[in-house]
Structures are given as structure tokens and as C-alpha cells.
Amino acid sequence: MPNPKHILVIRLSAMGDVAMTVPVLRAFSTQYPNVKLTILTREFFASFFRDLENVTVFPVDLKGKYKGIFGLYKLSKELKNLDIDAVADLHNVLRTNILKCFFFGKYFVQIDKGRAEKKALVSGQNFQQLKTTHERYADVFRKLGFPLDLSNPSFPKRVALNSELQKIIGADTKKRIGIAPFAAHDSKMYPLDLMEQVIETLSKTHKILLFGGGKKEVDILNSYQNKYENVINLAGKLSLNEELDVISNLDIMLSMDSGNAHMAAMLGVKVITIWGVTHPFAGFAPFNQPEDFALLSDREQFPLIPTSIYGNKFPEGYEETSRSIPLEVVVDKINSVL
């Protein structure tokens, strides 16, 4: 269709995938300031889009008001009332395919997830760099008639921290290193005994800010805070908005292949990533980071890497592939980038 003026963008979950839309939508709103974007996503993720021009979030509760087929039908009726010209489906799952039926007659373009290429990658048939997820998102807008260039990105300014956050993280002049040791699957994590040594070493000269989630993670991170100087555990203490404010003030983030990497990258922060049984070739490396910022497990020792796209499948003996990355390599990389 010619020149849509209002595009519905769908990306419902997970955290990292939603965060990866942000640099793409920022590029779009910069290059096409007269086109309105409405983002259909979980309310929890609304903070991700707070600095984007011409972007509105339509928060959706798929377990409540919009649950099931009848809920999606109700949702489609509400969305149609927004005078949407076209739909950019960056998710392409069963729910969005049902919505596509309800949007019959609307220009509805869906992401090509490259499933066949990814299957060939994890089966060992074709070990090469696949198109990045960011470019796959951008392709949807290109198909809608908007050539989109991601090569010259802009990022928001560092947020001025409020007095409460300043009190939590301190006002000294040490470099701030964010460390997010956890991931959805243990096979994607740097072994915690090594990670603790990384934290201990870096904390001697830098301020370490720890990020995490559930109670078990909070307890582990609290133990690091209690053991070492200059280490502050932020897990469980901040709202997502506050977390983003702090991340925007980091000098560098150390993360697994996880959502924290993408949250930091979307804010223009330098991100060092550690990769276990997954691999950047699948297209999920954080945005705009040099190739050598990804620290990879040894494929000579573990030739089946990547064992899966998301790290949920791996053969026996691959539980701790990232132990093959010496902790000195991690520390030296961070210090060299700083």
C-alpha cells in the first residue's frame, strides 16, 4: 500500500527480543518522523520506548482481558479504532497469525525468522553468520515501503540520576561496570565460581553494579555485595524505569546472551557478552557492538556449538562450555575497552 501514516508494530515478548526492536524503531522514527507507530507489547516493556518520537505503546494483557481467540478479536476491534493503515508483525507466532485473520484487508507484513537457516546452523550443516534479528525487523518496514538504514544509529543521552538512585550507587568517580551473570538457561551462563572471581578482580579498581531477577539470584548477588568492596546489588531493588536509568549511566555492561545485553545496547552502552552453547551467528548479538566484544566458548573443544538457538538444548558434557573462556580473558577485555 502507498505511504501508510500509522503503523501497528507487534512484538509481545520476550524481554531481549522486545529490547532489540528499540534501535530499529528509533531509526525508523528518525528517518520517517511523519509516520506514527503504535507498539503492541506487554505493559511491563513500555519503559523501553520512553524516549522514542512518534511512538505510542498499546499495552496488552494476553492472560486477562485479551485472552484466547475471543480476547484477540476484542483486541483487533480496539486496534482498528486507532485508524491503523498497516501492521508490522515483528513476532510472527500463533497469536499474531490469528490477529492477521482479524485484520483481513489491512496491509500486514510479518517477520521472516529464518527458521530453516537457523535449523541448518544448529545442526552443523551451515556454520556462518545469519542475518541479525535487527535486520530482520528492519526488513518488515522495508517491505512496507520504508527503506531503513541501521548503520548510523543515534542513542538517548545519559539520564540524570535522581537523588535516590545516586544514593544507592554512590557518587564516586570510579568507572561503572554493570554485570548481569544470569540467563534463562544455565548452559548460557558463565560458571558462577568464575564470575565471582571476575567480580572480585574488577571491584578492586571499578564500581560493580549487579543485575538479576528471582529470589535465588538476589541471594547470590547479595553474597557478592557482602564479600567485596565497590560491589552493589541492584537486583530486586529497582523498577524497570530506574534500571534503565542506571544502565544508561554505565561505562560498560558484562552480560550473558540475555535481555540485559540488549537493554544496555539499545541505550548505546558498550556491551561485552559471554556465549555458552548459543552463538552470535544466530543473529542475536546486541546492537551495534564490535564482533570482538562477544567472548565465545571454545568450538574446538565443543564443536557442536551452537547446540540450539535459545540454549535450551545441548548434549551431555556441554553444561558448562563457557568455562573454556579463561576469566583473565573476560577481565582483560573489559579493562581494554574501558
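Let's start with what covers the buried residues of helix H11 (327-337). The cover includes strand E6 (176-180), H7, E9, strand E10 (271-275) and E11, where contact means heavy atoms within 4.5 Å. Helices here (H or I, at least four residues) and strands (E, at least two) are DSSP runs, numbered from the N terminus. A quick word on the source: this is a predicted model, local features need pLDDT of at least 70, side-chain atom pairs count only at pLDDT 80 or more, and totals for chains, interfaces and linings use all residues. Residues are numbered from 1 along each chain as its sequence is written, and side-chain values use heavy atoms, with hydrogens and water left out.

So which residues of H11 are buried? They are Leu 327, Val 330, Val 331, Lys 333, Ile 334 and Val 337. Buried means under 20% relative accessible area, exposed means over 50%, and partly exposed is in between, with a 1.4 Å probe and protein chains only. Looking down the axis of H11, these buried residues fall within an arc of 160°, so they line one face of the helix. The arc is that of the directions from the helix axis to the C-beta atoms. For background, an α-helix has 3.6 residues a turn, so residues three or four places apart point the same way.

Helix H3 (residues 94-102) is another case, with Thr 96, Ile 98 and Leu 99 buried. Down the H3 axis they fall within an arc of 155°, so they too line one face. Turned away from that buried side are the exposed residues Leu 94 and Cys 101. Covering the buried residues of H3 are, among others, strand E1 (6-10), strand E2 (36-41), helix H2 (68-80), strand E4 (86-89) and strand E5 (107-110).

Back to H7, one of the elements over H11. H7 packs with helix H8 (residues 215-227) at an angle of about 35°, with their axes 11 Å apart. Axes are lines fitted to C-alpha atoms, for helices over the stretch in contact, and angles run from 0 to 180 degrees between N-to-C directions. Which residues meet there? Leu 192, Glu 196 and Ile 199 come from H7, and Ile 220, Tyr 224 and Lys 227 from H8. By class, that contact has four nonpolar, no polar and two charged residues; Ala, Val, Leu, Ile, Met, Phe, Trp, Tyr, Cys and Pro count as nonpolar, Asp, Glu, Lys and Arg as charged, and the others, Gly among them, as polar.

Asp 193 sits in H7 and Arg 323 in the loop between strand E11 (294-296) and H11, 130 residues apart. The rule asks for a side-chain nitrogen of Lys or Arg within 4 Å of a carboxyl oxygen of Asp or Glu, and the count comes to 16 salt bridges.

Arg 158 and Asp 251 form another, at 3.4 Å. Arg 158 lies in the loop between helix H5 (133-143) and helix H6 (163-169), and Asp 251 in the loop between helix H9 (240-248) and strand E9 (252-256), so the pair ties together parts 93 residues apart in sequence.

Last stop: Arg 142 and Glu 135, whose closest N and O atoms are 2.8 Å apart. Arg 142 is partly exposed at 28%, and Glu 135 is partly exposed at 27%.
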